[in-house]
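Please read this briefing alongside the sequence and the structure shown below. The points are grouped by topic.

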Amino acid sequence: MGSVTTIRRDTVTLPAADPGPDNPLPALRPLDEVHRIDDRDRDDLPRDMARQVGYEPLRSLLPVPVRDGYDRGRAPRTTPALVIENDRLRATVLPGLGGRLVSLVHKPSDRELLYRNPVFQPANFALNGAWFSGGVEWNIGATGHTTLSCSPLHAARVPAPDGGEMLRLWEWERLRDLPFQVDLWLPDGSDFLYVGVRIRNPHERPVPTYWWSNIAVPEDCRVLAPAHEAFHFGYERRLRRVPVPEYDGVDRTYPPNSTHPADYFYDLPEGQRPWIAALDGGGHGLVQTSTGVLRGRKLFVWGSGRGGRRWQEWLTEPGTGGYCEIQAGLARTQLEHVRLDAESDVSWLEAYGPLSTPPDGEWSAALREAGERLEALLPRETVDAAHRAWKPYADAEPVEILAAGSGWGALEVLRAGWKLPGTPFAEADLGEAQEPWLHLLRAGSVPEPRRVRPPGCTLVAPHWRDMLETAPATPLAEYHLGVAQWHAGDRAQAVRSWERALELAPSQWPLLRCLAVADREHGHHERAADRYAEAFDDLCRERRDDGELWTAATAALGREAVEALLAVGRTTDARAVWERLRPVTRARGRFRLLEAALLLAEGRREEARAVFDTGFEVADLREGDEAIGRLWERLDGGPLPARHDFRMRPPTA
């Protein structure tokens with residue numbers, strides 16, 4: 001008989017970078033998403049996959065802000081943690097960082113089953129920027145890493161099906177406007193952590209949904225999944241079917257054997273029990289299995305090439321060992337979105353635990369032995385029965401609140417009067433960010449700010465857009481309405497709203513910036529440059545202090561302005577913007593790279609080269625971004641220095 005499962009508060013202390021402020025400018029530009037399929041490959045896909053690849057792909061980050069204020073200066077920081085433990089396993093969760101499961105220790109063998117990152121270092125991999133590697137990430141929203149990667153989730157202690165306790169995590173996913181929950185529990189004496197997941201669609205219309213559980217494990221392993229074919233997707237954006245385990249003469253189920261970063265989406269046969277395992281040379285490691293709804297399984301590798309190794313160092317700590325990811329999702333690939341019908345939900349159960357079985361040798365034999373060993377440890381019917389037992393408890397109300405998330409779910413529940421048993425979005429959760437929208441909901445108007453400051457985030461869902469349409473047409477209301485119209489694809493009307501607001505607005509730079517983005521998107525680059533320059537002038541006159549918010553606004557607008565001015569050859573105007581940026585901003589790696597581009601445009605090649613020689617780190621370098629390499633080619637033409645080589649594509653791609 002196992003000991004009683006416990007849930008307790010704890011802390012985790014790591015060398016950690018400062019996450020910094022959000023970008024205060026609305027994300028009007030098209031989504032910079034690297035996971036897009038080449039149109040040439042669509043005709044060869046299975047019919048259901050082709051349909052889901054084309055089903056409402058995400059085109060905008062709105063209403064979510066970009067998170068690009070972090071740095072790479074790490075110092076010891078303590079983060080609140082929640083630990084769920086029995087006599088066999090100890091699971092550690094960070095509710096303030098997306099509910100990440102950062103550690104899963106098998107106590108009898110004293111083995112860490114996950115890759116546990118020794119640092120907290122945000123990088124530009126989430127859809128909205130800041131993301132960090134390691135552990136198990138709960139990916140909801142749309143293709144890519146969730147916007148909640150570095151955000152707080154609600155957490156509570158709730159009753160479990162076996163009479164013990166569960167740890168519940170929940171939040172409101174804002175890209176698709178969907179509430180979700182993740183319930184973790186350890187039956188007494190169990191070697192497996194159970195994870196029950198539910199996504200609800202309370203709307204009166206179908207909504208696209210997406211889920212992948214991303215599991216980081218040490219890369220020196222062999223990955224087993226019950227498939228003989230996979231869909232390979234690399235950063236050249238081609239999706240093609242390949243054999244498993246061997247492809248191009250190399251066994252790709254050993255992550256170190258691949259040269260370039262790539263995804264392998266395993267094509268599990270219909271009716272096959274879904275599972276995936278990562279086992280070290282001794283045959284020990286982690287297995288993940290689930291009920292059948294979570295049908296997809298994937299291996300992601302960084303590869304052995306210079307770019308992949310550089311990313312490993314960038315995301316972790318040099319010399320601490322690399323990692324790969326094994327993943328499980330609602331569809332066969334991460335390029336797909338699944339339809340969730342109106343006023344319905346989807347749920348499943350996952351199980352994580354230790355597996356010991358010989359990983360090497362002939363593929364079919366290795367799979368057969370691993371599958372039999374898994375079935376002996378945790379029969380498929382046991383997982384299905386645990387899911388059935390959990391479903392009534394998914395509505396159980398929290399016994400004790402352990403952590404607080406955002407107030408956006410509370411605002412939506414107040415607006416619609418929804419009843420969401422088990423996941424309370426309480427009015428007490430409402431905060432400063434929700435105040436203007438609560439006023440719009442209750443009074444029908446957008447309140448004027450109490451002090452001069454950047455305008456804050458805009459809600460863009462159809463119901464909020466309708467409220468903005470009928471609100472008094474103040475400059476601030478017209479600004480928010482234009483952002484919502486832009487998100488809806490009504491760009492001409494958005495421009496008209498911003499232009500109307502500009503006539504009376506005391507603060508013009510937010511509107512001028514929106515109009516500048518519209519000009520760039522429509523090919524009016526000279527006019528965009530004019531508006532960016534005017535917007536930056538207005539911001540510099542208006543900003544009130546050197547605090548975090550104004551510094552973030554100046555940095556964000558200044559960067560866009562310099563780039564727009566350089567694009568039309570106006571180096572003198574670009575230099576004038578650069579000189580008015582805060583010294584702390586100009587010292588950041590992203591702006592050092594921008595400075596090198598400005599110097600080169602001014603004909604000061606040696607000074608631009610000196611920026612590279614001095615060294616810089618672009619903390620928010622985007623996954624797949626090759627801007628550093630392109631600038632280096634213009635400056636030097638020689639081999640790109642290893643410290644700047646983040647290239648993820650094969651050289652011929």
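Leucine 169 counts as buried because its relative accessibility is 0%, where buried means under 20% relative accessible area, exposed over 50%, and partly exposed in between (1.4 Å probe, protein chains only). The model is predicted: local features need pLDDT of at least 70, side-chain atom pairs count only at pLDDT 80 or more, and totals for chains, interfaces and linings use all residues. Residues are numbered from 1 along each chain as its sequence is written, and side-chain values use heavy atoms, with hydrogens and water left out.

**Leucine 169**
- Leucine 169 is part of strand β10 (residues 165-173); helices (H or I, at least four residues) and strands (E, at least two) are DSSP runs, numbered from the N terminus.
- From C-alpha to C-alpha, leucine 169 lies 25 Å from leucine 378, and the two are 209 residues apart in sequence.

- Strands β1 (residues 6-16) and β2 (residues 75-85) form an antiparallel pair with 11 bridges; two strands pair if DSSP finds at least two bridges between them.
- Proline 15 has proline 76 in β2 as its bridge partner.
- β2 also pairs with strand β3 (residues 89-94), in the antiparallel sense and over 4 bridges.
- A hairpin of 3 residues links β2 to β3, and leucine 82 is opposite valine 93 in β3.

**Helix α6**
- Trp437, Leu438 and Leu440 are buried in helix α6 (residues 435-443).
- Seen down the axis of α6, these buried residues fall within an arc of 160°, so they line one face of the helix; the arc is that of the directions from the helix axis to the C-beta atoms.
- Arg442 and Ala443 are exposed, on the face turned away from the buried side of α6.
- The buried residues of α6 pack against α5 (408-416), α7 (462-470) and α8 (475-487).

**Arginine 543**
- Arginine 543 sits in the loop between α11 (525-542) and α12 (548-567).
- Arginine 543 is buried but has no salt bridge, and aspartate 546, the nearest side chain of opposite charge, is 5.9 Å away.
- A salt bridge is a side-chain nitrogen of Lys or Arg within 4 Å of a carboxyl oxygen of Asp or Glu; Lys and Arg count as positive and Asp and Glu as negative, while His and the chain ends are not counted.
- Not counting residues up to four places away in sequence, arginine 543 touches Trp550, Thr554, Arg580 and Arg582.

Conventions:
Contact = heavy atoms within 4.5 Å.
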